[in-house]
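Dear colleague,

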Amino acid sequence: MPARNGGFSQNVQRLGLYAEDSWRATSHLTINYGLRYDTTFGLLTASGRSQAENPAYLTLKALGIPLINGVAHDYRKAFGPRLGIAYSPGKSGNTVIRAGFGLYYNDLAQNGWVAALQAVNAPPGVCVNPGDPGCIPGGASGAIIDPHYKTPYALHATAGVQHAFNARWTAERGL
């Protein structure tokens with residue numbers, strides 16, 4: 001396998017769409033709801049090449065080892081619902097209780113991909129049989145990104161209370 005320079009380049013494009021609405025259920029209760037969609041293009045591509053050209057993947061394929069049944073692709077199912085409520089008890093409206101929930105995706109929360117991305121810096125050689133120039137030499141190691149990659153997500157929940165003493169003074173506490 002030819003020596004590699006250790007670098008790689010990426011052209012990652014991101015797309016995010018968000019829709020929301022709110023509904024005033026009563027004079028004291030408002031409900032906000034929404035849905036966000038996020039995806040990327042090129043997150044798993046380096047130096048213009050996909051992980052289908054990764055020598056580790058090609059070697060496993062040539063050896064007939066079924067550990068990996070494909071290569072990773074950009075995740076297209078990142079739908080994140082959002083929900084928020086605001087409730088104002090009593091007649092004065094000086095106190096508001098708020099709560100919210102959301103599912104947030106983060107494709108930048110990755111770790112350990114550098115070797116797999118660097119592996120596709122140069123076009124691979126032929127790797128049909130072990131020992132071919134495009135295969136990993138005996139005793140060497142390679143890195144592969146899981147073909148079942150899914151963008152990591154976090155669940156966020158918030159709650160808080162706010163009280164207005166007058167037009168200039170408020171106090172709030174959030175969790």
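Strand β3 (residues 78-87) pairs with strand β4 (residues 95-105) over six bridges in the antiparallel sense, where strands are DSSP runs of E with at least two residues, numbered from the N terminus, and two strands count as paired if DSSP finds at least two bridges between them. Within this part of the model, G84 stands opposite G100 in β4. This is a predicted model, in which local features need pLDDT of at least 70 and side-chain atom pairs count only at pLDDT 80 or more, while totals for chains, interfaces and linings use all residues. Residues are numbered from 1 along each chain as its sequence is written, and side-chain values use heavy atoms, leaving out hydrogens and water.

Both strands belong to an open sheet of six, ordered β1-β2-β3-β4-β5-β6 with antiparallel pairing. At its edges lie β1 (13-24) and β6 (170-174), each of which pairs on one side only.

The largest nonpolar core has 12 residues, including W113, I145 and A78; such a core is a set of buried Ala, Val, Leu, Ile, Met, Phe, Trp, Tyr and Cys residues joined through side-chain atoms within 4.5 Å, and buried means under 20% relative accessible area with a 1.4 Å probe, counting protein chains only. Leaving aside neighbours within four places in sequence, A78 is in contact (heavy atoms within 4.5 Å) with R36, Y37, D38 and Y105.

Helix α1 (residues 55-63) has among its buried residues Y57 and L60, and just after α1, G64 takes a positive phi of about 70°.

With best wishes

Definitions and conventions. Buried < 20%, exposed > 50% of the residue type's maximum accessible area, 1.4 Å probe, protein only. Helix = DSSP H or I, 4+ residues; strand = E, 2+ residues; numbered from the N terminus.
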